[in-house]
Amino acid sequence: MKPIWGIDLGGTKIEAVVLDTDNNYEVLSRKRIDTEATQGYEHIVSRILHLLTLVEQETGLKPQKVGMGTPGAIDPDLGTIKNSNSTALIGKPLRHDLERQKGIPFFLANDANCFALAEAKMGTVPERIAHAEVVFGVIMGTGVGGGIVVNGKVINGRHSIGGEWGHNFLDASGGDCYCGRIGCVERLLSGPASERYYQNKSGTFRKLRDIYTRSQEGSDILATETIDRLIHFFGKALGPIINILDPEAIVLGGGVGNIDRLYTDGVKEVEKYVFNPRMETLFLKPKLGDSAGVFGAAMLVE
């Protein structure tokens, strides 16, 4: 038995898993507790350590190192968390504090990177491709993010922002982004972005799933316009990603990824922007669901 340990740190839940790499990533233990983030940074650290203790007691095992997916990324020069929607973590030396208190190495990566890694190694990609050199994992939900996996390893990059396509400029019509820029991919392809567009046009708020249903039924011309707009910008945003990374597969995670038209009309739209006579990149639905983050976190230590 060769166990690997992973933690998925979320704003409301912290999840830990122990996988046996000698037995096709068999789950030896999996446990969740509340983050209780409103009680502050030090409390979050204590909750992570408490969860590890619970898993140690359950399994009789002790980790030699731990992989962890985080909201945000580690600044490679300062060693602190940045770009996190869990604001209590921003500017804090999370890895250093965990290593000091636990006495073992921690390997941190953005949660989108963990999603991409898990789907590339044990999720949807291996079911379709014997060996995928490059995989791009997409998160399109409340926000937009991504992760790059090359030969089974996450690409973090010099600034630890590898895969952060959500804050590339796409179109000024997206308006102001929380990051301080205008027209970011996230402002056009996230779920709230389409909901906001529909509400501005119709005067009525609807959830994206309802907008999509109405567009498919043909009962709401503004719903159809909203989804057509989403498809258009999906192609315009992902075409350049293929030109740069040329991945064998792109995995579409997050709630927006459930829109079936992305895999038909959306793929055709992407092809318009790819610098090749044809496009062979596979667009895949994820397989692992909410397991991807914590499984990918464990794989960081391999």
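1. A quick definition to start: two strands count as paired if DSSP finds at least two bridges between them. Strand E8 (residues 134-140) and strand E11 (residues 249-253) are joined by five bridges and run parallel. Within that pairing, Ile 139 has Gly 253 of E11 as its bridge partner. Please keep in mind that this is a predicted model.

2. Helix H3 (residues 111-121) and helix H8 (residues 221-245) come next. Helix H3 packs on the sheet and touches E8, strand E9 (144-150), E10 and E11, with its direction at about 45° to that of E9. Helix H8 also packs on the sheet, where it touches E8, E9, E11 and E12; the direction of H8 makes about 155° with that of E8.

3. Here is the sheet as a whole. Its five strands follow the order E10-E9-E8-E11-E12, and the sheet is open with mixed pairing. Strand E10 (153-154) and strand E12 (282-284) each have a single partner strand, so one side of each is left without a neighbour in the sheet.

4. There is also an open sheet of five strands in the order E3-E2-E1-E4-E7, again with mixed pairing. Its edges are strand E3 (26-34) and strand E7 (106-110), each of which pairs on one side only. From one strand to the next, the twist averages 20°.

5. Seven bridges hold strand E1 (residues 3-9) and strand E2 (residues 13-20) in an antiparallel pairing. Helix H10 (residues 292-299) lies across E1, E2, E3 and E4, at about 130° to E1.

6. Glu 15 lies in strand E2 and Arg 32 in strand E3, so the pair ties together parts that are 17 residues apart in sequence. Glu 15 counts as buried at 5% relative accessibility, whereas Arg 32 is partly exposed at 44%. A network of salt bridges links Glu 15, Arg 30, Arg 32 and Asp 290.

7. Another salt bridge joins Lys 31 to Glu 58, the closest N and O atoms being 3.1 Å apart. Lys 31 is in strand E3 and Glu 58 in helix H1 (residues 41-59), so this pair connects parts that are 27 residues apart in sequence. Both are partly exposed: Lys 31 has a relative accessible area of 25%, and Glu 58 has 44%.

Terms used
Residues are numbered from 1 along each chain as its sequence is written. This is a predicted model: local features need pLDDT of at least 70, side-chain atom pairs count only at pLDDT 80 or more; totals for chains, interfaces and linings use all residues. Side-chain values use heavy atoms; hydrogens and water are left out. Helices (H or I, at least four residues) and strands (E, at least two) are DSSP runs, numbered from the N terminus. Contact means heavy atoms within 4.5 Å. Axes are lines fitted to C-alpha atoms, for helices over the stretch in contact, and angles run from 0 to 180 degrees between N-to-C directions. Buried means under 20% relative accessible area, exposed over 50%, partly exposed in between (1.4 Å probe, protein chains only). A salt bridge is a side-chain nitrogen of Lys or Arg within 4 Å of a carboxyl oxygen of Asp or Glu.
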